[in-house]
Amino acid sequence: MTYRICGFFLATCCLAGAAFAQRPPAPIKPEDWRKQFGPNEVIQRVRPVEFKGYLANPHRGTQTFQRFNGDPLYPTQRWNDAVAPLEFPAFTGNILDPNNGPDYPRTTISYCRWAWAVIEPEKGKYRWDVIDGALKAAHDRGQALAVRLQPHVGVQRCPAWFFAISPPTERDSTGPIPDANTPQYIEHWTALIRAFGQRYDGHPDLESFDVAYAGACGETGGNATDATAEKLVDAYLEGFKKTQLVAMLGTHGSKYAISKRKDIGWRVDSFGDITVTNSPEVPPGTDWNHMYEAYPRALVLCGAEDAWKTAPITLETGGTVGGWKRRGLDIDYILAWGLRNHCSVFMPKSCAIPDELRAKIEDFSNRIGYRFALRQVTFPLEAHPGDPIQFDVYVDNLGCAPIYRDYKLALRFTQGQTVDILTFAQDIRGWLPGQKWFTEKPVFPKSLTPGIVKIDTAIVDPATNKPVVRFAAEGYGADGWLPLRYMDVLPPAAK
């Protein structure tokens, strides 16, 4: 009986503690903040309440496809790889709720793929107006734009001017295809890629660019030899030093790119393909598919098993989520595979998610990529201007991948009209899934005068010191900064 009573007591205390931990602290007037501490206390601990909902953070989550936030989804479970937007009417909707309807996850990334013939209809004359319009449209809808240029796709063959100088010798099911090994293909495709990079590399609204150098949709490497693939991929590596590159897993080009640079991500386009067709040629349930056969093999052969630690992974659905349901696939296994392989970006083709799967897909969308919970920040109650002040920071990455941008954790000190922003040296790209604790000693700003100073924190772009990423924390201000507490500013220390 004693054991049961103690067990009940402990369980009750744990539940009460959990409830208390989730209770937001009552607002405190600046003049009263120090009254919470005893006379012998010298440090303070701030423990933000965890936010459990959707975070509209950049560089992660679900993508829209060939459209932008607020555009209608495809009306059926069929999509179009070949038709990307060419006109961009002014957006008059509300980007504060860009949910694309109730049957698609919210997003911060648009993904568009244009055929070569669309972007370079005449030799050396590029439709940059299309790319410019798409970048602006994405920005206006609260998104960044991920791009692929496709050598040929569906009925969109290579440009007519190109076939005039390099006639096709092969066909696929939809028409003639180029020989990627000819000097003309290497010259003109790499010219397109280098021109794109010269104009757009580092553009603030360009999320990523696919290394898609040959084959239908640029996905398979086509008939390019290994030597040709390397020449074609070099154009991407040379043309893009700032914008994130994402290679098609399984091609020689992806193996080559990943071997040359650790910041090359990878993507696949048949995520969810565990289809069992029960072919009469093999025992039941042992048909070839992508998830059991192609992808595990390609990760090893391309040297990409640890690529997720330094570059993002994108998973595009094979078919659609609705197609997964129709074929009776094990969706729990599929989504777990995505998390286990450290997916940051999910592309379900802007087709409606079935009602009964919506909660699972929303949960998956929220868990992929990074998700930083700020568990505790410890720092002094008071300091002299110019003193080093120790901050101990405990962060919990609840996602399945790190962040890949060199943003910085920052502190903002506000005293009247005086505002000082200090950034930590900590490289947040090293916040892998799980716990991270570190300590640093920034200098208490010398601009402060005796009195009280308010302290906030944020993850900022170091080029602007503006907040770009939110912690999974309650209590953010409208300016994107998370309040911590206050410190007392002591008179300058005597020299």
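Helix α10, residues 331–340, lies across β9 (264–271) and β10 (313–317), and runs at about 175° to β9. This is a predicted model, where local features need pLDDT of at least 70, side-chain atom pairs count only at pLDDT 80 or more, and totals for chains, interfaces and linings use all residues. Residues are numbered from 1 along each chain as its sequence is written, and side-chain values use heavy atoms, with hydrogens and water left out.

Some terms. Helices (H or I, at least four residues) and strands (E, at least two) are DSSP runs, numbered from the N terminus. Axes are lines fitted to C-alpha atoms, for helices over the stretch in contact, and angles run from 0 to 180 degrees between N-to-C directions. Contact means heavy atoms within 4.5 Å.

Now the barrel. Its 8 strands close in the order β2-β3-β4-β7-β8-β9-β10-β11, with parallel pairing; two strands pair if DSSP finds at least two bridges between them. From one strand to the next, the twist averages 30°. Take β3 (residues 107–115) and β4 (residues 144–150): they run parallel and are joined by 7 bridges. Within that pairing, C112 has V147 in β4 as its bridge partner.

Helix α5 lies across β4 and β7 (206–211), at about 165° to β4.

Which helix comes within 8 Å of α5, axis to axis? It is α6, residues 226–239; α5 itself covers residues 183–200, and the two axes cross at roughly 15°. The crossing of α5 past α6 is right-handed, meaning the near helix is turned clockwise from the far one by less than a right angle. On the α5 side, the contact residues include W189, I193 and R194, and on the α6 side they include L232, D234 and Y236. The contact divides into 7 nonpolar, 4 polar and 4 charged residues. Here Ala, Val, Leu, Ile, Met, Phe, Trp, Tyr, Cys and Pro count as nonpolar, Asp, Glu, Lys and Arg as charged, and the others, Gly among them, as polar.

Last, the open sheet. It has 4 strands in the order β1-β12-β14-β17, with antiparallel pairing. β1 (43–46) and β17 (434–440) are at the edges with a single partner strand each, so one side of each has no neighbour in the sheet. The twist averages 10° from one strand to the next. β1 runs antiparallel to β12 (residues 372–380), joined by 4 bridges, and I43 stands opposite P380 in β12.
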